[in-house]
Amino acid sequence: MSLTVRDLEKFQAQLSPEYEDYQIELQEGNIVIMGPSDIVSSEIGIRLSAFLFAWIEPRKLGRLFDSSGGFILSNQDLRAPDISFVCAERLRQSPRAFGELVPDLVVEIKSRTDRVKKITEKIQMFLELGARIGILIDPDKLTVTVYRSGSEPTIFNNEDILTIPELFPGWELSISELWPPVFD
């Protein structure tokens, strides 16, 4: 039985309060339930979002979304990247509903229990459907892998500088700034 977004919404409405923190996606007609991420992955997501937002907002380049922002894709999946971005010209105003488009940028941050293969498959699916850039952040290896359609992935290490000129001309971020600091 292949489920639809409407079926997923009915399912969500029936969940008891102890399951409300779980993120639910629809993948190939099947419900996928994901628990909350570990706090290192969450902090990395906030850090990257803050760095991106500080660049995007004053330039009105587009809209940035967190892991709760769901997108209904052309294959009828409902997916929510950890961080996503849609260019202003593609989304002039956010709807009070799921986005019905593919984000220009999708970012996935590996949680302690995630498998890299599954994350890579999700990023590749977004690229095949029209995303311009996919990023996989791996806190265990302290690497950032950037995927672009039609080219090999680029792996950035701690001493490297991340740029995304196709979407954020002039923006730069030292990879080392992504990792949560250790306070004295």
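Good morning. The model is predicted, and residues are numbered from 1 along each chain as its sequence is written. Local features need pLDDT of at least 70, side-chain atom pairs count only at pLDDT 80 or more, totals for chains, interfaces and linings use all residues, and side-chain values use heavy atoms, with hydrogens and water left out.

I begin with strand S6, residues 83-87. Helices (H or I, at least four residues) and strands (E, at least two) are DSSP runs, numbered from the N terminus. Five of the five residues of S6 are buried, so this strand is largely enclosed by the rest of the structure. Here, buried means under 20% relative accessible area, exposed means over 50%, and partly exposed lies in between, with a 1.4 Å probe and protein chains only. In a regular strand the side chains alternate between the two faces of the sheet. In S6, Ile83, Phe85 and Cys87 point one way, while Ser84 and Val86 point the other way.

S6 has strand partners, where two strands pair if DSSP finds at least two bridges between them. Strand S3, residues 62-65, is joined to S6 by four bridges, and the two run antiparallel. S6 and S7 also run antiparallel, with three bridges.

Contact means heavy atoms within 4.5 Å. Leaving aside residues up to four places away in sequence, serine 84 touches Arg63, Leu64, Phe65, Phe71, Pro103 and Leu105.

I turn now to the nonpolar cores. Such a core is a set of buried Ala, Val, Leu, Ile, Met, Phe, Trp, Tyr and Cys residues joined through side-chain atoms within 4.5 Å. In soluble globular proteins, nonpolar side chains tend to be buried together. The largest nonpolar core here has 25 residues, and those with the most contacts inside it are Leu48, Leu105, Ile135, Ile137, Val144 and Phe168. Two or more residues each come from helix H2 (39-59), S6, strand S7 (105-109), strand S8 (133-138) and strand S9 (143-148). H2 gives the largest share, four residues. Leucine 105 touches, among others, Leu52, Phe85, Ile135 and Phe168, not counting residues up to four places away in sequence. A second, separate core of 15 residues includes Phe71, Val86, Met125 and Phe126.

Next, the aromatic rings. How many aromatic pairs does a search of the whole structure find? The search finds three. Rings of Phe, Tyr and Trp (its six-membered ring) pair if their centres lie within 6.5 Å; planes under 30 degrees apart count as stacked, over 60 as edge-to-face and the rest as tilted. Phenylalanine 65 and phenylalanine 71 are edge-to-face, 5.6 Å centre to centre and with 85° between the planes. Phenylalanine 65 is partly exposed, at 21% relative accessible area, whereas phenylalanine 71 is buried, at 3%. Another edge-to-face pair joins phenylalanine 168 and tryptophan 171, at 6.0 Å centre to centre and 70° between the planes. Both phenylalanine 168 and tryptophan 171 are buried. Ring pairs link Phe85, Phe168 and Trp171 into a cluster.

Helix H3 covers residues 116-128 and has 13 residues. H3 reaches 18 Å from its first C-alpha to its last, close to the expected 18 Å, the expected span being 1.5 Å times one less than the number of residues. Its buried residues are Ile119, Thr120, Lys122, Ile123, Met125, Phe126 and Leu127. Just after H3, glycine 130 takes a positive phi of about 125°.

Two residues other than glycine also have positive phi. Lysine 60 has a phi near 50° and is placed in the loop between H2 and S3. Glutamine 76, with a phi of about 75°, lies in the loop between strand S4 (71-72) and strand S5 (78-79). Lysine 60 counts as exposed because its relative accessibility is 59%, and glutamine 76 is exposed at 51%.

Proline 180 and valine 40 are 140 residues apart in sequence and 7.0 Å apart in space, C-alpha to C-alpha. Proline 180 touches Val40, Glu43, Ile44 and Arg47, again not counting residues up to four places away in sequence. Thank you.
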